[in-house]
Amino acid sequence: MTAIGTSVRKADGEVLLTGRGRFVDDYVLPGMMHAAIVRSDVAHARITGIDTSEAERAPGVELVLTGERAARHSGPIPHFIDPAARGGRRAEVRCLAVDKVVHAGQAVAAVVARTRREAEAAAGLVRVGYERLPHVLDADAALRPDAPRLYDDWPDNVILHNHYGTGDVDAALETADLVVTETIRIGRTTTAPMEPRGYLASWDRFDESLTVHGSVQNPHQLRWMLARSLGLDETRIRVVTARVGGSFGLKMQGHPEETLICLLSRLTGAPVKWIEDRRECFLSGAREQVHRVTVGAMRDGRIVAVRDRIVANAGAVTAQPGWAMPNMSATTLASGYLVPNVEAELHVVATNKPPLNAARGFGKDGAHFVMERVVDLVARGLGADPARVRRVNFVPPDRFPFRTATGLNIDSGDFPGLLDKALKALDYDALRDRQRELRSLGRHLGIGLAFELTPESADGPGTFVSGFDVTTVRMNMSGGVTVLTGVTSPGGGNDTAIAQIVCDELGVPLSWIQVVQGDTDRCPSGFGNFSGRGMVVGGGSAALAARDVRAKIATVGARMLGVSSDEVEVTGGVVRVSGEPDRSVPVPDVAAAVLTRAFAVASEVEPVLEATRAFKPGNINHVPDERGRIQPYPTYSNCLHAAVVEVDADTGLTELVDFVMAHDCGVVINPALVEGQAHGAIVMGLGAALTEELVYDDEGRLLSDRFKSYLLPRAGDLPKVRLEHQVTPSPFTMYGNKGAGEAGVGGAQAAVANAIEDALAPFGVTVTQVPLPAPVVLDLIERARSK
């Protein structure tokens, strides 16, 4: 029995369930102190002075640091993805504001004290003087010529302006039988992981080295960033990733606090810990976009043109990669549909809101939401069934690989097959009959469909977004195996799935294998966690390294058995003669022979039971084609969402009745882990569709700064989510697997929005925004009635 394809339990599941897992806040070092951060309460202002005298006299205080002093000891923070390298504008980002603040919540000073309570109390005593400046919170308003400028050396507030797509959209719209234009607004949300960010930095003044324990996704890249911003040699820094209690993009490097906490440790000479509180965590935003869409279709349902004018509110500039997410919103159009003419114009705009951070879906969720609203608008305009319009427009299975109008090269898929699975699970025709029956009784049942195509395992040229990774597989004399990998896990369990791959490739029991992640002193230089890459490149490189070690074990084991290496197999922890199971030698005996009998039975191999390999998947090409398009993704997972809702037209409340997701991530390494990822992404999308939104007052201060005002879905709010699996292998990865970590958000969000519009079809409601809490739904009904 092979391990690949089975639902092996998480390797650290027992440790987590019994409360023995060590997260960053569980690390305590001798002499450790605590940091608290003073944050701006204004959105835009010049700093006229900071009075730290009272805070410095407070009990337990060791240091109060201002931006001016911090700038003397640390430089700008390098960008994870530099806007200037993409034709955009960059701004200098420092760990503490020096002369000016550009958003409410920006760090302006920091306090180090013996305890967290003392640090927070002293932080409240720091007095900051501000000369207020005009501010702008709306992205459209920020584009106006007379808008306040966030950055004095910029001519306007545009971070990036670009065009995407090919074809003649104008000509296609002129000949289309149906043309629909709509403005669609996507509200600002956040990732809200169970565990906020946290860092524990320890400066050793004797050997001038820095050790950082953190809840992070990209330890090697963080090490490089800290070396640059602190002026240290990279070899003097060690980053250790503790267990991560969720991330969803939030914990990719580039946050000012990463440099700040390390600098505080260096200046005090003591270990310094900072654990983000929930209000601080809510400062990080995602997904706020406005799409002004025009679509053209023919009577038979074929969509012939899509034009999308996208304005994305990126907030203030950050070194984190969140500003780049809207770029993927434009690039992912028009999803998995045969739309020959696509034109997207993108403005990524700086405003005086807090910055965007990377978030699950990384902008692709915005494209999914808009395209699926577009398909339903076409179906509505033609009086056609939404399922039929999707089927007519899907890229057929025999057309892969398929190059989209924006240049993405989709590796494989069977999109109609996903639709069939979802419709069958719903019993779609019977459900439509039930809908008509309920409408006759004054009840409003709605059915919403949404397809989602998710590029996974990105490679961005010249950035830390890399499409390959590295793994070392090491066997000791007892046959125990240590796997040291450059990919990290935010808690989803890819370490377990990597162990399953090594189990099969090396031929030893799973219990012999330990996976080590996230330690820059132990693991090979890799790129961590993002873009659903863990199993594509982490699994692929682990397989290659395991094969190298297995080859040595097979060679030496064969000599010990007196046969040639092509006559043996390594399985279940033994080397045995093929077809003669009684003739075997245990792998630990072979491992000992390699290392102790190097000039005897192991003379044909290099006596090192260790291999380090990198895996580079196919289908990545950075050479621009004749239209200037590159192909940065090797593989594309895809899924079809189906939501059933009932809307109370008197209260505006939406009840989720049923939800089905037909999912295709290629060959599945561990079904339980994939399903866990899918459930989490779906719930994130449902929350973004119905209740989750970051809300600010007119002064740019965050109002929804706790879970009483930022409303995550609760278990009781959700139906049982049903999953259907489909497998279309990718020809470009090691096992035909595709990523499974990014997909789910945009499709779930769109399916619910489409279902609400379908439920309220008797009123003529058009859904033009998310989220859709009860007051918004009531307003949509009232506006439709007043027409």
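**View 1. Volume of the largest cavity.** The largest cavity has a volume of about 60 Å³, a volume being the space filled by probe spheres set on grid points that are joined across faces, edges and corners. A cavity is a set of points, on a 1 Å grid over the protein atoms alone, where a 1.4 Å probe fits but cannot get out. The structure holds 1 cavity of 30 Å³ or more. This is a predicted model, in which local features need pLDDT of at least 70, side-chain atom pairs count only at pLDDT 80 or more, and totals for chains, interfaces and linings use all residues. Residues are numbered from 1 along each chain as its sequence is written, and side-chain values use heavy atoms, with hydrogens and water left out.

**View 2. Lining of the largest cavity.** Residues with an atom within 4 Å of a point count as lining; among them are Arg 287, Gln 289, Leu 356 and Asp 365. Helix H10 (325-332) and helix H11 (364-382) each give two or more residues, and H10 has the largest share, 3 residues. Helices are DSSP runs (H or I, at least four residues) numbered from the N terminus. By class, the lining has 4 nonpolar, 4 polar and 2 charged residues, with Asp, Glu, Lys and Arg counted as charged, Ala, Val, Leu, Ile, Met, Phe, Trp, Tyr, Cys and Pro as nonpolar, and the others, Gly among them, as polar.

View 3. Helix H8 (residues 256-268) spans 18 Å from first to last C-alpha, close to the 18 Å expected for its 13 residues, where the expected span is 1.5 Å times one less than the number of residues. Because 10 of the 13 residues are buried, H8 is largely enclosed by the rest of the structure; buried means under 20% relative accessible area with a 1.4 Å probe, protein chains only. The buried residues include Leu 260, Ile 261 and Cys 262. Gly 269 follows H8 and has a positive phi, near 75°.

Key: Buried < 20%, exposed > 50% of the residue type's maximum accessible area, 1.4 Å probe, protein only. 1 Å grid on protein atoms, 1.4 Å probe; cavity = no way out; pocket = protein on both sides within 12 Å on 5 of 7 lines; lining within 4 Å.
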